[in-house]
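This report describes a protein chain through its aromatic clusters, its nonpolar cores and its strands. The sequence and the structure are shown first.

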Amino acid sequence: MSQHGLMVARPRVVVVGGGFGGLAAVRRLARAPVDVTLIDRTNHHLFQPLLYQVATGLLSPGEIAPPLRVITHRQANAAVHMAEVTGIDPDRRRVHLRGADGTSGDLGYDHLIVAAGARDSYFGHRDWARHLHPMKTLAQAVDLRDKLLAAYERAADTDDRSERDRWTTFVIIGGGPTGVEVAGQLVSMARQFQRDFHRLATGRARIVIVEAGDSLLAAFSAPLRAHAQRKLSSLGVEIRVGTKAVRVDGRGVDVEGGGGARERVAAGTVVWAAGVKASPLAAMLGDATGASVDHRGRVQVAPDCSLPGHPEVFAIGDMADADNLPGLAEPAMQEGWYVAKHIHRQITGRSAPGRFRYRDLGTMATISPVDAVADAFGLRLSGVPAKVAWAAVHLAFLTGWGKRGGVLARWAYELGTSNRSERVILEGVGSEDGLNRLAHSDEPAAETLMAGR
Ligand SMILES: Cc1cc2nc3c(=O)[nH]c(=O)nc-3n(C[C@H](O)[C@H](O)[C@H](O)COP(=O)(O)OP(=O)(O)OC[C@H]3O[C@@H](n4cnc5c(N)ncnc54)[C@H](O)[C@@H]3O)c2cc1C
C-alpha cells in the first residue's frame, strides 16, 4: 500500500526451472518484496547427482525428487505453476506457456530468471536414442532400472550362451563421473544378484566403459584419475579409454580404438553418460537478444548473468555460459543466489552487486560402496575418507530432512545386507507394453552411424 492508500503492485519475478539454479533463486527471494512464480514442466526438483542410484535400484524415485510445492509451501511470496515454457518474448516481457492440460497462454514479468538446464544430446546421432539409455530425467532413470533388471531375467531364461553373455554385458558410453558411478553400481548389483539367480553367474557380468578421451574422470587430478581407474579395473570393469562408439544398434556397440581398429561389443544394455546440450530456451534467448550461443547450446551471458539489452532477464546454470563454468550443481546454485540478490537490490534501489564470481568447491565421484575420489575444498581424497565426504556433501545438498534420513537408511541397508530394495520391473511379461518395450533393443542391427567425436 502506498502512503496515499493506493495498492502498489509488487514486482513480478518469473523463474523458469525448479532445478538447482532456479530453486536457489526462488529461496533467496523469500524475503524480497516481490511475487515469485516458479514454472517447471515437472512437479518436482530433481537431485540429478543421485539419479544413477535410482537407475540401479538403490533409491526410490521419490527419495531424490521432492515436489516443488512441498519445498516452497512455507514461502508466502512464491507460487508454483506446472507448465512448459515454449517461448520467451523479452521485448514484451512475456513467457509463453503450455499447461498440463495442453492449453497455451502467456505470463508477464518484471524480472525473469531462466534456469531450464540441459537435456541429453547424442552429438548429432538422434537415431542412437532408441537404443541408448540416457539419465537426465526421473522417467529415464526408472526406464533404465527396468531394463537392467529385465536383462538379468532374460539372461536367466535363455540356454543360448552367447545370448546370455549379451544380456549380462553392460556398456557405458562416457567415462566422466556419471559413467564411473554407474559402472561401480553395476558391479555391486551383479555381485548382489548372485544370491537370487541360482543358475546364472551374475558375478561374471561384463561391464565396459567406453571413453573417447585418454582417461576417465578428466576433470580430476592425475592421482585421483589413476586411483579410480585402478579400483574399477580391480573390480573387473573393462576400461576402454581413447575409444569411440561409432555405431550403436539394438544388439550392442561398435567401438573404434586409437589405431582405427574396430571391435563389436554385443550388449543387452547401453547406458549413455557422454553428452548433454543446453535447453532450447538458451537458443531462443540468443535469437531474441542477439547473445551468442556456443557449441553446447549455451547462451552467453554478461558478467552479471543478464542478457544483452535486457538487465531484467537472467540465464543461469547448465543453459548459460558464464565464464565457461562446468555444468555442475554448484555453479547453478551460486548463480541462482547471485541473480536473486541482484534483483532484490534493483527493486530496493540499491546499487548492483559486482560481477558474478564463482567459488569453486571442487568435484567428487563415487566408485564403490566404500570408495570414492574427491577433489574438493582444496583437498584430494580417495578411498573411505572420500566416500564419507561424498556422502556428507550429497546428503547436505538433498532437499528435506525426511529425504536425507530415507537416503541414509537405504545406503545403510545396502551396506548391511548387500541388497538393494528397489527391484520392481514396472511392466512384466504379457502386459501391453511390458517386456516388449524393454526388449526394443532386441531388434536386428539398424543404422550404421559414425560418431564425429
Ligand atoms: C546423471 C547426472 C549426474 C550428475 N551428477 C552431478 C554431481 O555429482 N555433481 C554436480 O555438481 N552436478 C552433477 N550433475 C549436473 C547437475 O545436476 C547440473 O549441473 C544441474 O542440475 C544444473 O542445474 P540447472 O538449474 O541449470 O538445471 P536443472 O537442475 O537441470 O533444472 C532445470 C529445470 O528446468 C525444467 N525445465 C526445463 N525446460 C523447461 C521448460 N521449457 N519449461 C519449464 N521447465 C523446464 C526442468 O524440468 C528442470 O526442473 C549431474 C547431472 C546428471 C544428469
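## Aromatic rings

Y122, F123, W128 and W272 come together in one aromatic cluster, where rings of Phe, Tyr and Trp (its six-membered ring) pair if their centres lie within 6.5 Å, with planes under 30 degrees apart counted as stacked, over 60 as edge-to-face and the rest as tilted. The model is predicted, so local features need pLDDT of at least 70 and side-chain atom pairs count only at pLDDT 80 or more, while totals for chains, interfaces and linings use all residues. Residues are numbered from 1 along each chain as its sequence is written, and side-chain values use heavy atoms, with hydrogens and water left out.

By this rule the model holds ten aromatic pairs. One of them is formed by Y152 and F193, an edge-to-face pair with 5.0 Å centre to centre and 75° between the planes. This pair links distant parts of the chain, since Y152 belongs to helix α4 (residues 138-157) and F193, 41 residues apart from it, to helix α6 (residues 177-193); helices (H or I, at least four residues) and strands (E, at least two) are DSSP runs, numbered from the N terminus. Both Y152 and F193 are buried, a word that stands for under 20% relative accessible area, as against exposed for over 50% and partly exposed in between (1.4 Å probe, protein chains only).

W390 and W411 form a tilted pair, with 5.3 Å centre to centre and 40° between the planes. Here too distant parts of the chain are linked, with W390 in helix α10 (residues 383-397) and W411 in helix α11 (residues 401-417), 21 residues apart. W390 is buried at a relative accessible area of 1%, and W411 is buried at 11%.

## Charges over rings

A charge is taken to sit over a ring if NZ of Lys or CZ of Arg is within 6 Å of the ring centre and within 35 degrees of the ring normal. K387 lies over the face of W390, at 4.7 Å from the ring centre, and R166 lies over the face of W167, at 4.8 Å from the ring centre.

## Nonpolar cores

A nonpolar core is a set of buried Ala, Val, Leu, Ile, Met, Phe, Trp, Tyr and Cys residues joined through side-chain atoms within 4.5 Å. The largest has 65 residues, and those with the most contacts inside it are L50, I64, I172, L232 and W411. Helix α4 gives the most to this core, with nine residues.

Not counting residues up to four places away in sequence, W411 touches L50, Q53, L58, L59, W390, A391, H394 and L395, contact meaning heavy atoms within 4.5 Å.

## The open sheet

An open sheet of eight strands runs in the order β5-β4-β3-β2-β1-β6-β18-β17, with mixed pairing, where two strands pair if DSSP finds at least two bridges between them. Its edge strands, each pairing on one side only, are β5 (104-108) and β17 (306-307). Strands β1 (residues 12-16) and β2 (residues 35-40) run parallel and are joined by five bridges; V15 stands opposite L38 in β2.

## Two single residues

S368, in strand β20 (residues 362-368), is buried with a relative accessible area of 13%. A76, by contrast, is found in the loop between α3 (68-72) and β3 and counts as exposed at 83% relative accessibility.
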